[in-house]
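Let us walk through this structure step by step.

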Amino acid sequence: MATRSSARDIATPTRSRQGPGTRRPGVREQAAQATRESLLRAAIKVFSKHGLDGGSVEMISRAAKSHDRMIYYYFGNKEGLYIAALEEIYRRFNEAEARLDLDPQRPIEGLRAVVSFMFTYYRRNPEFVTLLNNENLHRGKHIAKSQRAREYSSPALGVVDTLLRAGTSAGVFRSGVSARDLYLMIAAMCYFYQSNRFTLSSFLGENLETADALAHWEAFVTDAVMRTVLARTDSLAPGAPVASAPSPNR
């Protein structure tokens with residue numbers, strides 16, 4: 001029987017757990033951590049709504065029910081807080097992805113699960129998309145200063161790479177597909193839909209937020225990914241190719 005593993009398990013080595021003698025944080029440390037986390041949550045909300053330029057230190061401290069000086073104490077300045085907010089949304093994404101129950105011995109099902117996860121995550125966490133959109137307007141100059149940005153990409157690519165290798169070894173995936181390229185394909189198709197759904201709805205004359213429209217696009221992305229990696233596309237599940245697009249909801 002295949003041994004099921006979390007996304008983090010199949011992407012990175014298992015870390016040793018803290019022993020029973022590990023010191024627990026004291027009351028002051030817990031309070032400091034709680035304040036920092038509260039400021040981060042408030043920053044994510046404010047920056048996702050107003051952007052870096054529109055979001056002020058005062059707005060964030062007020063939303064966190066804290067004080068301006070605490071932002072300077074924990075993050076140095078507004079840019080430091082903004083970078084920390086970007087790091088935090090990536091950390092949340094990795095943490096959610098790590099909870100995926102993936103079986104490397106069932107790579108097709110695993111890859112379908114990755115597509116579904118990314119599509120759903122973007123839908124349920126719009127601040128992730130809006131914050132990244134804002135940072136791209138700044139040409140990524142702030143996230144480039146992060147010392148942790150690259151460490152967040154490794155687990156995500158590792159999950160896809162592990163499934164690709166397993167599928168290739170089993171003969172169900174064709175060789176030569178890059179985990180980086182496949183990850184970009186999945187992210188682009190899921191992210192673009194969520195990021196541009198309002199303008200595209202007007203442009204196409206249909207509501208891209210209906211349940212049918214969302215289900216159709218997720219199925220389309222999954223089908224495109226499968227056709228990219230499968231050694232034989234006739235092994236797709238019955239019902240392929242994807243059904244035609246839903247009628248425009250004018």
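Start with a meeting of two helices. From H2, the residues Ala 32, Thr 35, Arg 36, Leu 39 and Leu 40 make contact with Met 70, Ile 71, Tyr 74 and Phe 75 of H4. Contact here means heavy atoms within 4.5 Å. By class, the residues of this contact are 7 nonpolar, 1 polar and 1 charged. Ala, Val, Leu, Ile, Met, Phe, Trp, Tyr, Cys and Pro count as nonpolar; Asp, Glu, Lys and Arg count as charged; the others, Gly among them, count as polar.

A word on the source. This is a predicted model, in which local features need pLDDT of at least 70, side-chain atom pairs count only at pLDDT 80 or more, and totals for chains, interfaces and linings use all residues. Residues are numbered from 1 along each chain as its sequence is written, and side-chain values use heavy atoms, with hydrogens and water left out.

How do the axes of H2 and H4 cross? Helix H2 spans residues 27-54 and helix H4 spans residues 68-75; their axes come within 11 Å and cross at roughly 105°. Axes are lines fitted to C-alpha atoms, for helices over the stretch in contact, and angles run from 0 to 180 degrees between N-to-C directions. H2 and H4 are therefore roughly perpendicular to each other. That term covers 65 to 115 degrees; under 35 counts as roughly parallel, over 145 as roughly antiparallel, and the rest as oblique.

Now look at Leu 39 in helix H2. Leu 39 is buried, with a relative accessible area of 0%. Buried means under 20% relative accessible area, exposed means over 50%, and partly exposed lies in between (1.4 Å probe, protein chains only). Leaving out residues up to four places away in sequence, Leu 39 touches Ile 60, Ser 61, Ala 64, Ser 66, Met 70, Ile 71, Tyr 74, Phe 75 and Leu 81. Leu 39 and Ala 64 are 25 residues apart along the chain, yet their C-alpha atoms are separated by 5.4 Å.

Step back to the whole chain. The protein chain has 11 helices and 2 strands. Helices (H or I, at least four residues) and strands (E, at least two) are DSSP runs, numbered from the N terminus. From that end, the order is β-α-α-α-α-α-β-α-α-α-α-α-α. Buried residues make up 40% of the 250 residues. Of the contacts with a separation of 6 or more, 73% are between residues 24 or more positions apart.

Next, the loops. Most residues other than glycine have a negative phi. Lys 65 has a positive phi, near 55°. Lys 65 lies in the loop between helix H3 (57-63) and H4. At 79% relative accessibility, Lys 65 counts as exposed. Arg 139 also is not a glycine and has a positive phi, about 60°. Arg 139 sits in the loop between H7 and H8. With 79% relative accessibility, Arg 139 counts as exposed. Lys 141 lies in the loop between H7 and H8. Lys 141 is partly exposed, at 48% relative accessible area.

Then turn to Gln 194, in helix H9. Is Gln 194 buried or exposed? Its relative accessible area is 4%, so Gln 194 is buried. Not counting residues up to four places away in sequence, Gln 194 touches Tyr 122, Arg 123, Pro 126 and Val 129.

Finish at the largest pocket, with a volume of about 680 Å³. Of its 22 lining residues, the closest to the centre are Tyr 90, Leu 132, Ser 153, Tyr 183 and Leu 184. On a 1 Å grid over the protein atoms alone, a pocket is an open set of points where a 1.4 Å probe fits, with protein on both sides within 12 Å along at least five of seven lines; lining residues have an atom within 4 Å of a point. Grid points are joined across faces, edges and corners, and a volume is the space filled by probe spheres set on the points. Helices H5 (78-98), H7 (126-137), H8 (149-170) and H9 (179-195) each supply at least two lining residues. The lining has 15 nonpolar, 4 polar and 3 charged residues.
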